[in-house]
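Take a walk through this protein model.

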Amino acid sequence: PKDRENLYQDYLDELFEQEKEEFKKGRKALVTKMKEHFQDVPFIDGKTTWTEACESLKYHAVWQELYDLDKLEAFSEFILAKNREEEQLRKAQREKTERKNREAFRDMIREKISNDEITFKTKWRSFVKKNKDNPRLLNMLTQGGSSARDIFHDLRQVLSEKNRQIKEDFKKILAKHFSEFTVNMEPLRFKKILLKHDEFRDFESKETNSFEHYADYLFEKY
């Protein structure tokens, strides 16, 4: 009799555990189902409060089946996921805007370089002072990522390197064709002589100052 009683009690304990596990699974399934329903409820978003959710969903069939703690769990997990999703969207939009701002700023620098408004001698403070009201600069000063100053100095470094190369090219031409240059020559004649040579005839000014700028600079040096 004692063994039979023990076996019976073991069976009851096992049955109780199974029922408890099935009960937990059922509650969890309802929570999952409710979270899925939240996706289709337009008035529930990342800013919805618990009180607002309870009032809005009081006649919802699945919501009514849930225990209060399960309602809170479903709502909290959905709000956390929604907030993460919205934050990722905001981050993606912010990064897209920042990329557009950086490219617009680079275009602004390139334009000013091609117009000879910026040279390898231009200082950052002087540039900011002259362009303090330009929205393409202002947008860059209020965001993260590569700074306006870094971009400015990177592009100015290109100008500095181009200037060094131009001087080297001019020295070679001067050494080879010294007789073409005279002490009292006019700037226009000087430019014509430079343009006879490949180094200057094929001059690219996409991200550097104009040929005229460098020619004037070399003329003063010469």
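Predicted model: local features only at pLDDT ≥ 70, side-chain atom pairs only at ≥ 80, totals over all residues.

The crossing of α4 and α7 is right-handed.

Which residues make the contact? On the α4 side they are Arg102, Phe105, Arg106, Ile109 and Ile113. On the α7 side they are Ala148, Ile151, Phe152, Leu155 and Leu159. Sort the contact of α4 with α7 by class, and there are 8 nonpolar residues, 2 charged residues and no polar ones.

**Pairs of rings**

Now turn to the aromatic rings. A search of the whole structure finds 14 aromatic pairs. A pair of aromatic rings is described by the distance of the centres and the angle of the planes.

Begin with phenylalanine 120 and tyrosine 217. This pair is edge-to-face. The ring centres are 6.0 Å apart, and the planes stand at 85° to each other. Where do the two residues lie? Phenylalanine 120 is in the loop between α4 (68–114) and α5 (124–130), and tyrosine 217 is in helix α10 (residues 211–221), so the pair ties together parts that are 97 residues apart in sequence. Both phenylalanine 120 and tyrosine 217 are buried.

Next come phenylalanine 190 and tyrosine 222. Their rings are stacked, with 5.7 Å from centre to centre and 25° between the planes. Phenylalanine 190 belongs to helix α8 and tyrosine 222 to the segment after α10, so this pair ties together parts that are 32 residues apart in sequence.

Are these two residues buried or exposed? Phenylalanine 190 is buried, because its relative accessible area is 0%. Tyrosine 222 is partly exposed, because its relative accessible area is 33%. Both residues also belong to an aromatic cluster, formed by Phe170, Phe181, Phe190, Phe219 and Tyr222.

**A histidine in a loop**

The last stop is histidine 197. Find it in the loop between α8 (187–194) and α9 (198–201). Is histidine 197 buried or exposed? Its relative accessibility is 12%, so histidine 197 counts as buried. What does histidine 197 touch? Set aside its neighbours within four places in sequence, and histidine 197 is in contact with Ile173, His177 and Glu180.

How values were computed:
Residues numbered from 1 in each chain as written. Heavy atoms only, no water. Helix = DSSP H or I, 4+ residues; strand = E, 2+ residues; numbered from the N terminus. Buried < 20%, exposed > 50% of the residue type's maximum accessible area, 1.4 Å probe, protein only. Contact = heavy atoms within 4.5 Å. Phe/Tyr/Trp six-rings, centres within 6.5 Å; stacked < 30°, edge-to-face > 60°. Left-handed = near helix turned anticlockwise from the far one by under 90°. Nonpolar A, V, L, I, M, F, W, Y, C, P; charged D, E, K, R; others polar.
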